[in-house]
Amino acid sequence: MERSLIADTVGKVGQKVRLEGWANTIRDHGKITFIDLRDRSGIIQCVGESLKRVSPESVIEIMGTISERPEKLINPKIATGSVEIQIESLKVLSPAAELPFDMGGEDLNVDLPTLLDYRALTLRHKKQQAIFKVQAVIIDAFRQALLKKDFIEFQAPSIISSVPEGGAEVFKVKYFDHEAYLSQSPQLYKSLLVGIFERVFSVNQIFRAEPSVTTRHLTEATSLDAEFGFIDSWKDVLDMEEYVIRFIFSEVEKKCSDELALFDATLPKISDKIPVLKLKEAQKIIYKRTGRDVRAEKDLAPEDEREICKWSLEEKGSDLVYISHFVTKKKPFYVSPDPEDPSYAFSVDLLGRGVEWSSGGQRLNDYKVILEHVKEWGLKEKDIELYLQSFKFGVPPLGGFALGAERVTMHILGLKNVREASLFPRDMERVDLRFSR
Ligand code: AMO
């Protein structure tokens, strides 16, 4: 008999089936045993008499008959709650060792280190799986949104010869007799490719040697990058990103209602248009609301980001807010300064629910000005020769943005730590397992 999926049992009362999956929970009532069986499609209660002992999480095969549950035993919480399987035979395909903690509850009650140290096991829990189902929908929606707008996907290299974002947060790689780096961002490649395809996007791992442990930094993250040419203004970039974000939210709403419900999560609110504040305006608002004078600062601190998001929700009814016009010299060399006041740039962060979700903006496309910036930023032309080659031969006015997939997932679901939104998070203290174990 062919294997059936659990989700397909509903409405097939009386039929015989062969199910395969994991023994999610086992309740022994003397002679009668209840096993909640889990497969990729769902979970179902199976009942049998005088079964041999099975340990939780073992992989099993059950042959049985689908029967209707008595009215008062219907479980409205699960899709298969109106039926159960009368077990006729049970075979263990792969036994599980004794579990280090209970996996059967609605929540997985373990602390974060345990959650990560037992990743191969904890990811089996349905709430853990839900996080990554949502993430998969987010990433797919990012792709679909841009494909609809005629973008083409590309694969960016991970081993690179320069440090596009600047700063020391970079992993050096010994590359034969040379020095190379793990890519902080596909930035230079995506801009270069605008000179070829006009509109490009990539879903890429990025590497940041973040020297501190915070709830929002990973050393390896998933960057959803988009870049496009022939823009009339930096605001075109904001509009494109807003379109992508709205598309992502509508896909998550359509496809992930069960997953959102598990986390009691509601999608972030967006007003008619995502509000835009210049850095200076944001700083004035923070001063007015809190008395903290951050008006001379060159960037927003995490508490400033939280305060501006609060303002945005209270005053504009939006969980998302753009901050533009960061200090030019604090941004990478490729940013386009605002001609009205070149000390501020057409660079934009998207903040959501208190944290930065993305950065982006308009880039320089004038070869001569790029060369001036390269000098001013203390870079060596030879390190970004390929990038310069592209602009030497003409690239249209361009801009783009990059969303962090883990941060978006984290804030849609209301997770406390970005590590929870990474299947196998890397940070200062771990590559899979903790260094100090
Ligand atoms: P930025 O450095 O702001 O911009 O990165 C873009 C987005 O990627 C995510 N992100 C991270 N997430 C978790 N841990 C990290 N260590 C981490 N670093 C970055 C964030 C962030 O907003 N080239 C520009 C983008 C552009 O201008 O198009 C860039 O890399 O969500």
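A polar contact is a pair of N or O atoms within 3.5 Å; within protein, one atom must be able to donate a hydrogen and the other to accept it, and residues adjacent in sequence count only if both atoms are side-chain atoms. The model is predicted, with local features requiring pLDDT of at least 70 and side-chain atom pairs pLDDT 80 or more, while totals for chains, interfaces and linings use all residues. Residues are numbered from 1 along each chain as its sequence is written, and side-chain values use heavy atoms, leaving out hydrogens and water.

Figure 1. A polar side-chain atom of Y334 lies 3.2 Å from a ligand nitrogen atom, and one of E210 is 3.3 Å from a nitrogen atom of the ligand. For R208, a polar side-chain atom is placed 2.8 Å from a ligand oxygen atom. The ligand on its own has 630 Å² of accessible area, of which the protein covers 93% (Shrake-Rupley method, 1.4 Å probe; for residues, only the protein chains shown count as cover).

**Figure 2. The shell around the ligand.** Among the 23 residues around the ligand, Q187, L218, E356, S359 and R363 come nearest; a residue is near if one of its heavy atoms lies within 4 Å. Strand β18 gives the largest share of this shell, five residues. At least two residues each are supplied by α4 (187–197), β18 (355–362) and β19 (398–404); helices (H or I, at least four residues) and strands (E, at least two) are DSSP runs, numbered from the N terminus.

Figure 3. R363 is situated in the loop between β18 and α9 (367–376). With 3% relative accessibility, R363 is buried (buried is under 20% relative accessible area, exposed over 50%, partly exposed in between; 1.4 Å probe, protein chains only). Its side chain makes a polar contact with the side chain of E227 at 2.8 Å and reaches the backbone oxygen of G400 at 3.1 Å.

**Figure 4. The salt bridge between D107 and K127.** The side chains of D107 and K127 form a salt bridge with an N to O distance of 2.6 Å. D107 lies in the loop between β6 (83–94) and α1 (112–117) and K127 in helix α3 (residues 126–148), so the pair ties together parts that are 20 residues apart in sequence. D107 is partly exposed at 38% relative accessibility, whereas K127 is buried at 16%. A salt bridge places a side-chain nitrogen of Lys or Arg within 4 Å of a carboxyl oxygen of Asp or Glu.
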